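Biologist: I'd like to learn how to read helices in a model. Can you walk me through one?

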Amino acid sequence: MTGSEVIVSFPDASIDYRRHPECYRIGHGERGVFHVQPYKDELLPLWAIRNEADAKQAIQDLSARYKAYREQEDFVGMDMARKYLQMGYTRARRYARYPGGRKKDADGSPRQPGNADPEKARIAERYQVALDTVRSDDAYLRAKREYQRRRKADRRR
């Protein structure tokens, strides 16, 4: 670490992660999805699970944005697009299994998962296919390994 390097918590919505990709952390699951700028402003308006038609369009738009980031060799953008696809899957699965997406009743007792919304289950399947496509994309896997390698090398300095 150099003397001029500032350590910040992640995610920090005040950082432009396109200009400072070294501050980005891949993290677990969907971490940072609502804070990593400017990607949040670019991706969140595309995301939807309201109904199958909206979700299908959202998946197409998010996948197109992923491809654009890939062409720009923008790993942070690629990973953020992956996170929005993952969020589509996880949110749709929750609504598919729990009425209104709530895991607990009004009194706080846990609900048993079931088949609450078959449309949301179909939406989750669509998001899963798109998510699997990104996760298995050779360009994504190479970019992720390279990003992790650079981060590790930076920590050694």
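Modeller: Let's go through a helix, its surroundings and a helix pair. This is a predicted model, where local features need pLDDT of at least 70, side-chain atom pairs count only at pLDDT 80 or more, and totals for chains, interfaces and linings use all residues. Residues are numbered from 1 along each chain as its sequence is written, and side-chain values use heavy atoms, with hydrogens and water left out.

Biologist: Which residues of α4 are buried?

Modeller: Buried means under 20% relative accessible area, with a 1.4 Å probe and protein chains only. In α4, K120, A121, I123, A124, Y127, A130, L131 and V134 qualify. An α-helix has 3.6 residues a turn, so residues three or four places apart point the same way.

Biologist: What covers them?

Modeller: The cover includes α2 (52–71), α3 (75–97) and α5 (138–156).

Biologist: How do α3 and α5 cross?

Modeller: Axes are lines fitted to C-alpha atoms over the stretch in contact, and angles run from 0 to 180 degrees between N-to-C directions. Here the axes come within 10 Å and cross at roughly 120 degrees. The contact (heavy atoms within 4.5 Å) involves F75, M78, D79 and R82 of α3 with A139, Y140, A143, K144 and Y147 of α5.

Note on methods: Buried < 20%, exposed > 50% of the residue type's maximum accessible area, 1.4 Å probe, protein only. Helix = DSSP H or I, 4+ residues; strand = E, 2+ residues; numbered from the N terminus.
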